[in-house]
Amino acid sequence: MTKQKILNISSQNKTVILNMFGAFVVKGLSLFLSLFTMPAYIRFFQNQTVLGVWFTIVSVLNWILYFDLGLGNGLRNMLPDAIEKKDDKKVKELISTTYLTMTVLVIALAVLGLLFIPRLNWNNIFNVSVELVDNAVLINCAFIVYFGILLQFIVKLVSSVLYALQQSALVNLMSLTSSTLIVVALVIMPSSSMETNLYTMAYVNVIAMSLPYIIISFWVYGKRLKKAFPSLKSFNKDYVNDIIKIGFSLFWLQIVFMIISSTNEFMISNFTSPDYVVEYQAYYKVFKIGSMVFSLALTPIWSAVTKAQINKNFKWIKKVYKIFLAASFVCLLMELAVVPVLQPLMDIWLGKGTIATSMLAGIVFAFSGTIFVIHNVNTSIGNGISYFKVQMIWMTFAAAIDIPFSYFMVQITGSWIGIVVANVIALLPYEILAPIYTMKKLDAVSGV
């Protein structure tokens, strides 16, 4: 191995470690903040059914974020090569092309929203009676959140640029800032009527989720990448196909993963009751802590792997992959250690008797948290080297069986926990097969 390659690997490790450290600091603060989020929501809404409806509104409309045609991820995978080669013209053209293409997509989605949102019966969609919340209120809240999400399509593109610049800690900081703004709003705002509370949170959600990304965009394009400020003149139609070609695979994978990871609130509302969405969220937030600790370190890995591939550092990629797979099993032990003390934790956190926990539900969530950690490991490596074949096949299979299997499991178990069980079983084939085939792929390209 040449001296230059050794220096490149050393530099790669340093960058990854610094981003991991930044992620741990920022997410550590996020975990601390999350302790206040759920109690603040419960205090503000005062009615679990309405709170469940709010969680479902945000969950369902956030599905729209997956329909970006993979533009952000396509940019994230293409930009590192141009940055590495210091090709300022290509960097600007890639960024400008992505922003302008996304703007066209947002306009199209805005028109669709104006046409369809007023025509839907949102009471049926969220399984909530019109006596509790009027359909007109739900329509207006859906409009506010929907157009806020369309704004995020554009402003969050800066995250892809930051990932390409190996600045993933800043992306985490944006997420922390958004969460902080929401918690502050929940704490300082007085609770009012159900309708007013829903409207208030809709506006707060839009501002909190967009403002930090708007601010960081001015910093990125005003200082870090002065020459790359998006412009109409730098639009290059030749790059549209390149970005979408890579992005479409990632787009499809986003869609199928969304079906598994982001439909639980919707299914719980419709297969059982919106009340249980709050119970699900309580379990989810507790067991998310353990898995988040391990996921933190994965934040910079995708872009680091892309850069390592450009430099042909395949041994480094394999080494990192093995380390994180081994760490996933440590995560399972940590998650299971929470189960025996789950009820006291809930009582301290949310108040005695707010949530009655189940040992079985705790064990299911421990395995669920771990399977998503393993999934993050597999996809971070696979996406980083643009190896999608195994993921496309088995994640499509997982998405195809998840919803019908969830319904079946709810009927068998008589509980919403069947939906979480279905998630785990649907993901298992991919999580087992991905390491086998990805390692073979890495051996093939490295000539081993």
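Which residue with a positive phi follows α13? That's Lys-312, with phi near 60°.

## What you're looking at

This is a predicted model, so local features need pLDDT of at least 70 and side-chain atom pairs count only at pLDDT 80 or more, while totals for chains, interfaces and linings use all residues. Residues are numbered from 1 along each chain as its sequence is written, and side-chain values use heavy atoms, leaving out hydrogens and water.

## The overall build

The chain has 18 helices and 0 strands. Both are DSSP runs numbered from the N terminus: H or I of at least four residues for helices, E of at least two for strands. Of the 448 residues in the chain, 55% are buried, meaning under 20% relative accessible area with a 1.4 Å probe, protein chains only (exposed is over 50%, partly exposed in between).

Take the contacts (heavy atoms within 4.5 Å) with a separation of 6 or more: 84% of them come from residues 24 or more positions apart.

## Two nonpolar cores

A nonpolar core here is a set of buried Ala, Val, Leu, Ile, Met, Phe, Trp, Tyr and Cys residues joined through side-chain atoms within 4.5 Å. The largest one has 103 residues, and Trp-54, Ile-95 and Met-201 have the most contacts inside it. Helix α6 (residues 135–155) supplies the largest share of this core, 13 residues. Leaving aside residues up to four places away in sequence, Ile-95 touches Leu-75, Leu-79, Val-161, Tyr-221, Leu-225, Ala-228 and Pro-230.

## Helix α13

Back to the helix we started with. α13 (residues 301–310) is largely enclosed by the rest of the structure, because 7 of its 10 residues are buried. Those are Ile-301, Trp-302, Ser-303, Ala-304, Val-305, Thr-306 and Ala-308.

On a 1 Å grid over the protein atoms alone, a cavity is a set of points where a 1.4 Å probe fits but cannot get out, and lining residues have an atom within 4 Å of a point. Points are joined across faces, edges and corners, and a volume is the space filled by probe spheres set on them.

The second largest cavity has a volume of about 50 Å³. Its lining consists of Asn-378, Gly-382, Tyr-387, Val-390, Gln-391, Tyr-430, Ala-434 and Thr-438. α16 (359–384), α17 (389–413) and α18 (417–446) each give two or more residues to this lining, and α18 gives the most, with 3 residues.

How values were computed:
1 Å grid on protein atoms, 1.4 Å probe; cavity = no way out; pocket = protein on both sides within 12 Å on 5 of 7 lines; lining within 4 Å.
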